[in-house]
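Colleague: I would like to learn how to read salt bridges in a protein model. Could you take me through the general idea and then through the case at hand?

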Amino acid sequence: MVTAKIKLKSHQKEALSKIENGNVLVGGVGSGKTYTSIFWYIENCKDLGLDLIVITTAANRDMIKPGRTKPDWHQSIEDCGVTDYKVDSWNNIHKYAGTKNTCFIFDEQRVVGYGKWARAFINLAWEPTNRWILLSATPGDNWMDYIPVFIANKFYLNKTEFVRKHVEQNPYVPYFSVKAYKGTAVLEKYRKSIVVTMEVERHTTRHREYISCDYDKELYKQVARERFNIFKDEPIETPPEFMSVLRRIVNGSDDRINYIRNVLAKGGKYIVFYNFNYELDILRSLCDDAGYTYAEWNGHKHNPLPTTDNWLYLVQYTAGSEGWNCTSTNQMIFYSVNHAYKKMEQSEGRIDRMNTPFTDLYYTYLTSDSLVDKSILDAVQKKKRFNETMFVRNKYRFIPIKRKRINET
């Protein structure tokens with residue numbers, strides 16, 4: 001099956017034969033969801049006179065890969081012979097309210113929850129003259145994640161109906177919490193009817209190594225006991241703040257820093273993922289001290305990959321877990337683990353590409369035996385999202401401080 005310059009691979013052709021309007025095409029990072037979705041538009045929507053609009057991440061919209069002159073989505077669409085199209089980000093999805101006679105390809109799952117993006121997506125999906133599919137490397141972690149897609153397919157009228165039919169709420173907490181799901185056989189049926197999984201036989205093998213780094217246990221216990229922010233010299237007020245202080249004690253340990261220092265001494269090309277700005281400061285300082293080449297991908301910088309023999313590419317999870325790839329190294333270090341399995345999977349996928357020359361890929365996870373690190377890693381390995389608020393409340397019995405307002409007496 002060939003369109004313009006592109007020929008689909010066997011696993012892509014198989015998936016294409018199954019895709020229908022309103023489906024979710026699920027395929028691992030690098031599996032070729034982009035070309036498969038464009039072929040679906042050409043075969044099912046182009047002759048109907050429907051315009052093509054791709055809604056993706058801002059990074060995917062703007063990223064120009066080495067050797068190309070246009071951003072990836074633009075280049076891929078034109079490689080398939082399509083010249084009339086738009087590519088925009090989820091941040092701008094509201095601009096297309098009321099759009100008709102259009103095929104939408106929604107790239108990367110950004111409709112989890114029931115916020116403005118999800119509602120805008122549902123409204124576009126409900127327009128009878130539109131056609132759409134959703135692309136995702138990592139499907140939902142739980143049934144709540146599927147609410148927008150289920151509503152978009154008109155299985156439910158709204159979130160309230162879904163919750164009423166399928167959610168047993170926890171009565172012992174003052175906020176919305178799922179105790180159990182009801183009618184899961186129906187939910188499985190709905191999911192099966194809309195999800196098209198694209199299986200691909202990879203030539204790569206992922207090797208993961210978990211390095212346990214030491215940390216200041218006494219300081220960790222002191223903060224957990226006294227609820228005091230040693231970095232701001234003030235009481236800790238909220239669960240997220242409590243969590244961030246514990247993680248900073250663990251992540252900023254001399255042992256963890258020395259591991260990176262030894263990596264630099266040996267040399268090589270490494271992609272290093274991090275969560276927090278103080279971690280970036282640590283990594284920058286280590287590279288500067290060692291005279292080691294480094295570049296960055298974060299909310300402020302989208303540097304190209306270095307081309308020297310030895311380098312570190314410092315990537316912040318939120319900004320850079322998707323939207324780019326690298327085939328010039330097979331080594332990745334996670335300076336700290338992100339709490340979302342989806343981000344970890346997407347991050348690993350930056351070097352696990354169909355066109356990588358490497359067969360063996362090496363991932364090093366820096367962690368510790370602290371309760372916070374063990375709990376986050378356990379959630380990721382179980383393909384779940386770590387809930388820091390529940391963790392702090394359940395494991396440390398943390399009660400947020402309520403500050404008095406100025407006019408209170």
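Modeller: A salt bridge is a side-chain nitrogen of Lys or Arg within 4 Å of a carboxyl oxygen of Asp or Glu. This is a predicted model, in which local features need pLDDT of at least 70 and side-chain atom pairs count only at pLDDT 80 or more, while totals for chains, interfaces and linings use all residues. Residues are numbered from 1 along each chain as its sequence is written, and side-chain values use heavy atoms, with hydrogens and water left out.

Colleague: How many salt bridges does this rule give?

Modeller: The count comes to 18 salt bridges. One of them joins glutamate 226 to arginine 225, whose closest N and O atoms are 3.9 Å apart.

Colleague: Are arginine 256 and aspartate 373 buried or exposed?

Modeller: Buried means under 20% relative accessible area, exposed over 50%, and partly exposed in between (1.4 Å probe, protein chains only). Both arginine 256 and aspartate 373 are buried, whereas arginine 225 is exposed at 59% and glutamate 226 is partly exposed at 46%.

Colleague: How far apart are the closest N and O atoms of arginine 256 and aspartate 373?

Modeller: In this salt bridge they are 2.9 Å apart. Helices (H or I, at least four residues) and strands (E, at least two) are DSSP runs, numbered from the N terminus. Arginine 256 lies in helix α11 (residues 254-266) and aspartate 373 in helix α15 (residues 371-381), so the pair ties together parts that are 117 residues apart in sequence.

Colleague: Which residues are linked in a network of salt bridges?

Modeller: Arg206, Arg208, Glu345, Glu348 and Asp352 are linked in this way.
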